[in-house]
Amino acid sequence: MRTATIKRTTSETDILVELNLDGTGSYDVSTGIGFLDHMVEQLSRHSLIDLKVKVKGDLHIDQHHTAEDSAIAIGEALTKALGDRKGITRYGTAYAPMDETLTRVAIDISGRPYLVWRSELSQPRLGEMDSELFEHWFHSFALAAGITLHVETLYGRNNHHIVESAYKALARALRIAVEIDPRKADAVPSTKGTLGGHGN
């Protein structure tokens with residue numbers, strides 16, 4: 001089983017993440033931010049990655065640390081569960097339409113963290129969550145997971161739809177990329193024989 005548990009405690013947050021790459025999309029999420037809970041639940045459901053995420057954060061200050069640290073912990077759990085990455089498909093691309101919105105996500109589980117974010121939000125908050133934190137969540141997740149992550153909303157107006165389609169597209173792309181390729185189940189998908197660093 002490709003599973004991982006991450007416990008991350010700082011002066012700002014106390015986080016537990018349990019992750020199973022070969023799950024069914026079951027989730028148990030509580031970050032203290034309702035809209036973020038909803039998005040992480042979408043990530044789990046549509047990737048078929050089981051996720052338990054429990055966060056106690058300094059929300060009396062603001063939401064920044066909770067959003068950032070939860071993304072870091074989920075990313076760390078993902079990379080830990082992947083292990084040596086042997087047999088994975090590695091690349092994944094997905095489109096997620098949601099009413100008038102269409103978002104595309106492409107990922108490479110490369111060991112080279114990078115985010116390209118091309119999604120514009122026109123309102124300062126969604127629910128009680130600061131809109132600027134969504135890009136930051138994706139950035140923190142990409143860095144911790146060691147993945148190259150491109151997120152682009154091709155068109156859309158409704159801010160809720162834009163953000164939710166980004167999480168759903170990420171989920172679908174991850175579902176593809178973490179799958180074991182039966183034709184190469186015993187090999188790391190890189191000419192170098194390892195994933196991490198330039199030129200893999």
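1. Helices (H or I, at least four residues) and strands (E, at least two) are taken here as DSSP runs, numbered from the N terminus. This is a predicted model, in which local features need pLDDT of at least 70 and side-chain atom pairs count only at pLDDT 80 or more, while totals for chains, interfaces and linings use all residues. Residues are numbered from 1 along each chain as its sequence is written, and side-chain values use heavy atoms, with hydrogens and water left out.

2. On the overall architecture, the protein chain has four helices and ten strands, and their order along the sequence is β-β-β-α-β-α-β-β-β-β-β-α-β-α. The C-alpha trace spans about 45 × 40 × 30 Å along its principal axes. The radius of gyration (taken over C-alpha atoms; the globule rule is 2.2 Å times the number of residues to the power 0.38) is 16 Å, which agrees with the value near 16 Å for a compact globule of 200 residues.

3. If one takes the contacts (heavy atoms within 4.5 Å) between residues at least 6 apart in sequence, 76% of them join residues at least 24 apart. The accessible surface comes to about 9200 Å², of which 49% belongs to carbon and sulfur atoms; these areas come from the Shrake-Rupley method with a 1.4 Å probe, and for residues only the protein chains shown count as cover.

4. For context, most residues other than glycine have a negative phi.

5. On charges, side chains of opposite charge can pair when their charged atoms come close. With a salt bridge defined as a side-chain nitrogen of Lys or Arg within 4 Å of a carboxyl oxygen of Asp or Glu, the count comes to eight salt bridges. Aspartate 28 and lysine 54 form one of them, at 2.8 Å from N to O, and this pair links distant parts of the chain, with aspartate 28 in strand β3 (residues 27-30) and lysine 54 in strand β4 (residues 50-57), 26 residues apart. Aspartate 28 counts as partly exposed at 35% relative accessibility, and lysine 54 is also partly exposed, at 30%.

6. Further salt bridges can be described as follows. Glutamate 164 pairs with lysine 168, their closest N and O atoms being 3.0 Å apart; both residues lie in helix α4 (residues 159-177), four residues apart, about one turn of the helix, and glutamate 164 counts as buried at 5% relative accessibility. Arginine 125 pairs with aspartate 130, with the closest N and O atoms 2.5 Å apart; arginine 125 is partly exposed at 41% relative accessibility, and aspartate 130 is partly exposed at 22%. Finally, a network of salt bridges links Arg90, Asp108 and Arg112.

Conventions:
Buried means under 20% relative accessible area, exposed over 50%, partly exposed in between (1.4 Å probe, protein chains only).
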